[in-house]
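Here is a short report on a structure of several chains.

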Amino acid sequence: ADKLRWKVPNAFPSHLPALGDNVQMVADMLKTASDGQIQFKIFEPGNLVPPLELSDAVRDKTIDAGYTWLGYDAGKIPSAPLFSARPFGMEPWEYTAWWYNGGGKALAEDVYGKRNIHPILCGITGPETAGWFRKEIKTMDDLKGLKIRFAGLGGQVMQKAGASVTLLPGSEIFQALEKGAIDATEFAMPAVDQKLGFDKVAKYNYFPGWHQTYTAFHLIINKQVWDALQPSSRALFDTACTAGVMRNLSKGEAIQGDVIRGFEAKGVKTEKVPTKMLHALKKLTDEVMAEQSAKDADFKRVYDSQEAFSKSYQTWKGLAYLPRDFNDEKQ
Amino acid sequence: MSDREFEAAEGRAISHDHPDDLHFLIHHAELPETAFSRVVDGALARLGRSISWAWIALMAVIVINVVMKNLFGEGRVEFEEIQWHIYAALFMLGLSVTLATDDHVRVDLFYGGFTLRTKAWIDLVGIVCLLLPFVAMLMWYGVPFVADSFATAERSSSPAGLPYRWIIKSALVAGIGLLGVAACARLTRIVALLFLGRVPVAKKTEA
Amino acid sequence: MALEFYEILCIGMFAAFIVLLFSGFPVAWVLGGVALVTVTVAAYIFPERLADGFYSVAFSDLAAVTSRIWTIMQNWVLVALPMFVFMGLMLDRSGIAAELMENFVKVLGRAPGGLAVTVAAIGLLLAASTGIIGASVVLLALLGMPIMLRTGYSPSFAAGTVSAVGTLGILIPPSIMLVLMADRTPGVDAGGLFMGALIPGAMLGVIYIGYMMAVGLFSPKHAPLPPDARRMRLSDLGGVFKAVLPPAALILAVLGSIFAGFATPTEAAGVGACGATLLALMHKKLDRAVLREVCEQTTKTTAFIFAIFVGATAFSFVFQALGGEEFIHHGLKSLPFSHDGILISVLFLVFVLGFFLDWIEITLIVLPLVAPVIAGLDVGPAEVGPRMIWFVVLVAVCLQTSFLTPPVGFALFYLKGVAPKEVTVAHIYKGVIPFILLQLGGLVLVYVFPALATWLPKVAYGS
Ligand code: NA
Ligand code: NA
């Protein structure tokens with residue numbers, strides 16, 4: 001393998017479980033497997049390159065590689081959120097099936113190749129929570145005028161539903177939620193939300209994470225740098241990242257239950273978004289997706305590919321698995 | 001002796017009348033103006049005056065958003081983005097306006113006691129070796145930065161946010177570019193004093 | 001231990017910065033210029049010395065500086081800064097601030113150090129409404145410096161008062177610093193830390209006020225009584241009330257809008273600026289000239305503060321790219337490790353780093369490194385949760401001090417930019433020394449009595 005000493009910025013704080021810790025594990029695997037030839041120095045978010053600017057820095061070869069959430073590129077690459085997280089999207093293993101076997105990887109390499117970037121799927125987790133609310137939500141009417149912090153495509157769905165959407169930065173959410181400057185916020189998975197202490201200021205934690213059914217992370221590498229690597233190095237990157245996907249998913253699935261029970265012990269009410277509301281939100285999501293598809297050809301291409309894959313996968317998914325509530329009914 | 005008494009004593013010791021004496025040169029003299037600096041500094045002063053009214057617009061946007069959010073449940077992402085657009089444009093453009101009036105913060109521990117010539121030498125070296133290269137570097141990377149934003153029709157990464165990112169990104173390049181121009185204007189004044197034998201002028205009294 | 005080449009570069013970069021800082025060339029451009037010169041040295045003069053490790057740099061790396069500046073431009077939280085500056089200027093230029101302060105003096109006129117205490121009281125209110133150091137230092141300087149100097153306060157005492165009180169905002173919630181610190185410390189969340197820092201922050205405020213009164217009492221030449229000071233008569237009360245009520249209502253409206261949940265701290269700054277303008281209008285002090293001057297001065301003040309941000313982001317990028325973080329890690333690893341000794345060494349290190357670095361760097365570099373070590377130590381509270389809150393509060397107090405410690409104290413720079421011209425950096429450096437000592441006293445108190453930091457979180461959130 002090549003001898004590589006790369007500065008690799010991480011878009012997430014390294015200590016956040018199943019979010020920022022994955023890239024260090026991948027880096028350790030690469031170092032060991034390559035006999036110390038391939039080494040990363042992981043940089044905390046903002047220390048070297050700001051998280052939102054990672055892709056541009058890789059494109060310009062300011063840095064060779066970075067670990068990020070492609071959705072941050074939405075401003076320049078409208079289809080990017082589809083590769084990283086979207087409302088009413090696939091389930092995580094369904095996404096990996098689409099990525100490795102359903103044409104997703106080729107699409108991403110094509111879209112990002114135009115930006116001189118080679119993306120490698122390197123981590124994935126399940127849904128986020130649907131958010132932390134100060135009051136109960138029962139119908140779509142409860143969303144009207146609700147002051148909510150909500151990012152991404154889901155934010156646009158919320159805005160369509162009549163909510164008063166804000167993009168408050170992470171550092172201001174706790175304070176705003178505590179004082180009631182916002183009524184609700186989505187953020188991340190329970191194990192990460194815990195860090196921000198939302199359970200102390202919002203009584204209702206809602207599920208399922210309709211707005212973000214999977215969260216995928218990618219190692220992005222400058223395309224020229226990638227093309228110039230020896231095949232052995234490329235194989236090592238692919239191997240380590242594939243392992244990263246599996247390990248990230250496993251860890252994310254393993255740790256959330258305890259955290260949620262911990263919230264409940266502190267008096268948080270774990271609630272489900274009513275199915276009727278989910279259908280209404282899905283309808284609004286379809287509108288948003290149609291609007292985005294009309295605006296950007298790549299968006300349409302990727303979205304159609306995902307929808308087609310999901311449709312065909314549904315035949316298997318619907319038949320083969322036990323119903324989600326199978327265990328509940330037995331109790 | 002308190003600081004105040006000390007200064008009073010110092011003030012008494014040095015006469016205020018002679019333009020040539022040390023005290024005048026330290027506290028009341030300014031770099032001579034040049035034709036170039038008059039044009040540039042005048043234009044920057046006008047720029048400063050006109051853009052500054054936008055603070056009122058910023059205030060209005062914030063208050064309107066607060067009222068809409070609380071009375072009508074209608075806070076908008078666009079309003080939030082307009083807020084930082086105004087603030088960002090103003091502080092970037094303000095960099096040059098502030099340089100033209102020499103209001104950037106200096107540690108004057110020693111500098112405060114230097115004569116005008118020494119100060120001019122410090123600024124000469126500083127502008128040539130530190131400021132102008134810094135400006136050049138930011139322009140070198142800033143122009144493609146804006147061009148790419150334009151070419152990709154970049155918009156807010158939030159779908160509910162504002163389009164035309166290149167406009168606000170241009171404020172970065174415009175601000176830094178003007179900073180370079182303002183630095184050059186000051187440079188001509190320094191050169192006029194140090195090498196062309198022009199005499200210092202009396203500081204305009206501050207409002 | 002021989003230094004690696006990248007370590008020599010890091011040290012050299014700092015040395016050059018400090019030397020050039022004292023040349024008197026503007027701070028912002030010294031920061032930016034030194035960053036550029038350092039990269040040039042590393043990339044063109046000694047490229048082979050760095051080629052083998054992680055810390056080689058190329059000129060093209062500097063493209064990241066553009067994106068870092070862009071990130072500052074996008075920082076919505078910082079919108080509060082110009083708005084608080086606007087509010088302060090409006091109160092100042094319309095004469096409302098002077099009227100307010102003069103009437104406070106009527107009430108507190110005979111109290112030793114009364115003016116400084118007034119500034120401290122306003123500062124504490126501000127601290128509770130924002131966590132942005134630049135904004136509160138500028139606002140306090142505009143409100144308090146002119147009248148303190150006119151009354152005959154020594155410039156250094158006045159400067160010390162404003163900068164020390166102005167930095168309390170970073171310790172008293174809401175505070176971006178505490179949010180970031182919580183984010184980087186396992187087992188600590190923002191809510192708990194907000195509660196933990198509240199009592200120590202308020203305590204420091206009280207210590208400052210005590211010191212100010214002591215100065216007024218024992219060293220009146222630094223803080224003299226106003227010449228017309230007399231016992232307040234009942235007949236004064238009406239006038240005082242009339243003058244104090246509207247501005248006090250304004251400040252309470254700003255605070256109240258945050259606490260009532262109408263506005264975020266960012267928005268409250270805009271509401272405050274609007275309120276100050278309306279106040280000036282009601283007092284018939286608002287005309288085109290005042291408005292224009294306030295707006296123009298807001299542009300300049302904001303610009304000189306952000307110029308420092310721009311220079312500093314370039315500087316810290318190069319410092320990071322050259323392995324500055326690793327360099328500090330090495331320093332930490334060589335600490336003598338023994339329970340109380342470790343903790344004291346860590347705090348001492350944070351304090352010393354605070355002379356040169358700003359809180360963001362220190363938080364990002366030091367906290368994740370030492371927090372796990374502290375969690376396993378036999379010091380302070382027995383339970384891990386409270387122990388970590390206590391520890392982070394101790395670090396936070398040290399970090400607040402870093403704004404005040406020369407040579408690189410950002411509060412000092414902001415004050416220098418906005419204070420009357422006769423106030424020099426020497427006055428400011430001299431003025432903050434007693435306050436830094438008081439800070440250290442406060443730090444010792446929190447160290448000896450951990451309950452100061454742990455009691456409130458337990459009561460408020462039961463954790
Ligand atoms: Na605060
Ligand atoms: Na300092």
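The report below takes the basis of the model, then the chains, the interface and the charged pairs.

## Basis of the model

This is a predicted model: local features need pLDDT of at least 70, side-chain atom pairs count only at pLDDT 80 or more, and totals for chains, interfaces and linings use all residues. Residues are numbered from 1 along each chain as its sequence is written, chains are lettered from A and ligands numbered from 1 in the order in which they are written, and side-chain values use heavy atoms, with hydrogens and water left out.

## Chain C

Chain C has 21 helices and 0 strands. Helices here are DSSP runs of H or I with at least four residues, strands are runs of E with at least two, and both are numbered from the N terminus. The radius of gyration of chain C is 23 Å, close to the 23 Å that the globule rule gives for 463 residues, so chain C is as compact as a globular protein of that length. That radius is taken over C-alpha atoms, and the globule rule is 2.2 Å times the number of residues to the power 0.38.

The C-alpha trace of chain C spans about 80 × 50 × 45 Å along its principal axes. Of its 463 residues, 66% count as buried. Buried means under 20% relative accessible area, exposed means over 50%, and partly exposed lies in between (1.4 Å probe, protein chains only). Take the contacts in chain C with a separation of 6 or more: residues 24 or more positions apart account for 79% of them. A contact means heavy atoms within 4.5 Å.

## Chain B

Chain B has 8 helices and 2 strands. From the N terminus on, its elements run α-α-β-α-α-α-α-α-α-β. Buried residues make up 49% of the 207 residues in chain B. Among its contacts between residues at least 6 apart in sequence, 75% join residues at least 24 apart.

## The interface of chains A and B

Here 21 residues of chain A are in contact with 23 residues of chain B. The buried area is about 1600 Å², with carbon and sulfur atoms giving 48%. Buried area is the accessible area (1.4 Å probe) that two parts lose on being put together, summed over both. The interface holds 3 salt bridges, each a side-chain nitrogen of Lys or Arg within 4 Å of a carboxyl oxygen of Asp or Glu. The count of residue pairs in polar contact, both at pLDDT 80 or more, is 6. A polar contact is a pair of N or O atoms within 3.5 Å; within protein, one must be able to donate a hydrogen and the other to accept it, and residues adjacent in sequence count only if both atoms are side-chain atoms.

On the side of chain A that touches chain B, α2 (54-59), α6 (152-160) and β7 (164-166) of chain A each supply at least two residues. Helix α6(A) gives the most, with 4 residues. By class, that side has 6 nonpolar, 9 polar and 6 charged residues. Ala, Val, Leu, Ile, Met, Phe, Trp, Tyr, Cys and Pro count as nonpolar, Asp, Glu, Lys and Arg as charged, and the others, Gly among them, as polar.

## A:T166

A:T166 sits in strand β7 of chain A. This residue is buried, at 6% relative accessible area. Its side chain makes a polar contact with that of B:E80 (2.6 Å). Beyond its neighbours within four places in sequence, A:T166 is in contact with A:I148, A:R149, A:F150, A:I182, B:E80 and C:W76.

## Salt bridges between chains

B:D148 pairs with A:R59 in a salt bridge (2.8 Å, N to O). B:D148 also meets A:R115 (2.9 Å, N to O). B:D148 lies in helix α7 (residues 116-151) of chain B and A:R115 in the loop between α5 and β4 of chain A, so this pair joins two chains. B:D148 is buried at 12%, and A:R115 is buried at 13%. A network of salt bridges links A:D56, A:R59, A:D60, A:K76, A:R115 and B:D148.

C:K416 forms a salt bridge with B:D108, the closest N and O atoms being 3.3 Å apart. C:K416 lies in helix α19 (residues 410-418) of chain C and B:D108 in helix α6 (residues 108-111) of chain B, so this pair also joins two chains. Both residues, C:K416 and B:D108, are buried.

## A salt bridge within chain A

The search over all chains finds 40 salt bridges. One of them joins the side chains of A:K114 and A:D298 (2.7 Å, N to O). A:K114 lies in the loop between α5 (104-113) and β4 (117-125) of chain A and A:D298 in helix α12 (residues 297-320), so the pair ties together parts that are 184 residues apart in sequence. A:K114 is exposed at 57% relative accessible area, whereas A:D298 is buried at 15%.
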